[in-house]
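User: I would like to go through this model by question and answer. Please keep to what can be computed from it.

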Amino acid sequence: MPAPDPVTGLPLSLRDVMVAAPSGRVLLNVPAIDLAAGATLAVRGASGAGKSTLLHVLAGLRPVNRGQVLWGKTDIASLSDTQASDFRRRYIGQIFQDFLLFDEVSALENAAVARLFSPKAERAAILERAADALLSLGLDPQDPRRATTYSGGERQRIAVARALAQRPAVLLADEPTASLDRAAADRLISDLLAAARDHGIGLICVTHDDALATRLDRVLTLTDGVTERAHAV
Amino acid sequence: MLSDLWMSLPNAAQDLILLIGLLAPSGLIALWVLHGLAPRALTQAMLRRYAPVNLVFVGLVAISVALGVGLISQERALRQGSARAADKFDLIVTAPGSEVTAMLAAVYLQPSDLPLLTGAQYDEIVGAEGVALAAPLAFGDSWQGHPVVGTTADFVTHLSDGALTGRMFAAHQEAVAGALAPVAIGDHVSPAHGAIEIDGADEDDHNSHGIEYEIVGKLPPTGSPWDRAILVPVEVVWELHSLANGHDAATAEQIGPPFSPEHFPGTPAVVVKADQIFQTYALRTEFSRADMMAFFPGAVLSQLHGLAREVREAMSLLTLVCQVLVAVAILSGLILITRLFARNLAVLRALGAGRRFLLAVVWGYAAALLSFGTLLGLGLGIGASAWMSRVLTARSAVQISATPGWTELHLTAGFLTLALICALLPGLLASCRSPLTDIRG
């Protein structure tokens, strides 16, 4: 199977999305969000405001009770588990607060982890992109050290390389700078923005970090799961 | 039709097909779980992360498999070794008593107190139709723990299949040594009364008969306790015990048959070989009567093996229970360990891995532990059984050689396949967990 065509971003449209807990409590209630392909968005809000729930809905990891989550023309909320997994693999890169790397393998093996569950025809390209991403983020892809030996900032850059190696249309980042010191956080912000700009990738960050939020195109604030405002910075 | 085809196959082909059949489900599962995926790097990462715990799992599997393999191969080796040792003893005739005791004395040279057959009875045996060999045995002496057995040259020839090194004893103070007796041709040995276990020391003066035998020949290995024995003319043993030597005054210096019934002091056992196999059955019937007892050592062994089989089956059941318990413990452990990888596995789901990939990673991890443990256990079982065979051979001189057999391979393959099927459980549990819960940690 040939590798899919390069993706340079997908527009996002949320329509009347509602997510409720089993108890009935509304976790997320979004009448509408629209984001152009390649645009960047900061999601802010107090703890428990529904930021992570929104991110999970966008990734197709959490089912919605109502509404549409359209990436381009694909409503990820209506996909089956297998289809949603495949969509994530093709179009969505994810970065987590705690990096969540495999400690026992090298930076390159971590960055290229998607090749393990991708079709054989795509594996070589993923490995190549992982090496390129590591290099562009200032890491040596040939370094055989285990991931656990890297500093926090380096580990998060490995996580970014992992996300970029999938050649995603959009990056979803959950508090990507929260575990880093200021210097490492600033470098990561620059790296993330550069990667998004260079590859035409959309970037949606849940963050409390003003330094990051202020550098993104728009900021969306959530209060008790409800969209408060979305505005251009 | 299929049954006929199956029965027409050679045993080895049947065993091979059965082995493939037992392993085939493992291959099919591996194919189903792994096809199109490459989880090896992550499986290796899981193996490395908790290496000590993984080694314990492998050790537990190996020990449980080794117990089963060792038990089966050792039991078979004992059975084959004891049967091989009795090969040269078609029929034994003794005074009435215990067949088992008589067999242990005559075939395995175990010290025992057997009643004697008289000269007239021996003469009747020798004269019976179809008797090709009727060798009297005389026990009671030893040299440095090695039994010194009195018998006839014909029996020594029968034991050696004519492949004697040196020559047959031809005089009163000459002897032929078994292959494992620590003497060479030309050596002299001084026997003592009784089965005294003296290793390398001089015989007790009080028990010594005060004579020396010169070793003039050596038997080839027979795989029986006779390999440790020193065989001497039966007449000399009788004489040393102050008995008549089987010959009248005119032939007093004669070695070997014919014996004079009047001067025959008695023998605890006569080893009989018939001209034809069917005659052996007739001879057994003829001498199975009130004043004599005739038996096939092979039949007695078969009865003993039957008893041993029941013991083996009980032990096999215990081993199976042990293996099941180990498998349950390991599966529980694997499920727990897999929970420790929950965040990593959830990340894979978030990155786009399907449930089958998670199943492949976890199953591959479990399969690696179980397969390695099983193979190690197979090797350990075979090794332990071989070691135990050497010890038993050294102690009993019955040649016991445990070699890997199809039964062990079938049982091991069956266990592995069952274990690999069960290993799907932790994989399925891991793949069905919600990544949302685990990703937060």
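User: How many helices and strands does chain A have, and what is its radius of gyration?
Analyst: The model is a predicted one. Chain A has 7 helices and 10 strands. For its 233 residues the globule rule gives 17 Å, and the value for chain A is close to that, so the chain is as compact as a globular protein of that length. The radius of gyration of chain A is 17 Å.

User: What box do the C-alpha atoms of chain A fill?
Analyst: The box is taken along the principal axes of chain A. Its dimensions are roughly 50 × 45 × 35 Å.

User: What separates the centres of the two domains of chain B?
Analyst: The domain assignment gives domain 1 as 12-84 + 304-440 and domain 2 as 91-295. The contact between them takes 8 residues from domain 1 of chain B and 7 residues from domain 2 of chain B. Taken over C-alpha atoms, the separation of their centres is 51 Å.

User: How many residue pairs are in polar contact between domain 1 and domain 2 of chain B?
Analyst: The two domains bury about 630 Å² between them, with 64% of that on carbon and sulfur atoms. The count of salt bridges between them is 0. With both residues at pLDDT 80 or more, the count of residue pairs in polar contact is 1.

User: Which helix gives the most to the side of domain 1 of chain B that touches domain 2?
Analyst: By class, that side of domain 1 of chain B has 4 nonpolar, 4 polar and no charged residues. The helix that gives the most to it contributes 3 residues, and is helix α4 (residues 51-85) of chain B.

Key:
Residues are numbered from 1 along each chain as its sequence is written. Chains are lettered from A and ligands numbered from 1 in the order in which they are written. This is a predicted model: local features need pLDDT of at least 70, side-chain atom pairs count only at pLDDT 80 or more; totals for chains, interfaces and linings use all residues. Side-chain values use heavy atoms; hydrogens and water are left out. Domain bounds come from an automatic or database domain assignment. Contact means heavy atoms within 4.5 Å. Buried area is the accessible area (1.4 Å probe) that two parts lose on being put together, summed over both. A salt bridge is a side-chain nitrogen of Lys or Arg within 4 Å of a carboxyl oxygen of Asp or Glu. A polar contact is a pair of N or O atoms within 3.5 Å; within protein, one must be able to donate a hydrogen and the other to accept it, and residues adjacent in sequence count only if both atoms are side-chain atoms. Helices (H or I, at least four residues) and strands (E, at least two) are DSSP runs, numbered from the N terminus. Ala, Val, Leu, Ile, Met, Phe, Trp, Tyr, Cys and Pro count as nonpolar, Asp, Glu, Lys and Arg as charged, and the others, Gly among them, as polar. The radius of gyration is taken over C-alpha atoms; the globule rule is 2.2 Å times the number of residues to the power 0.38.
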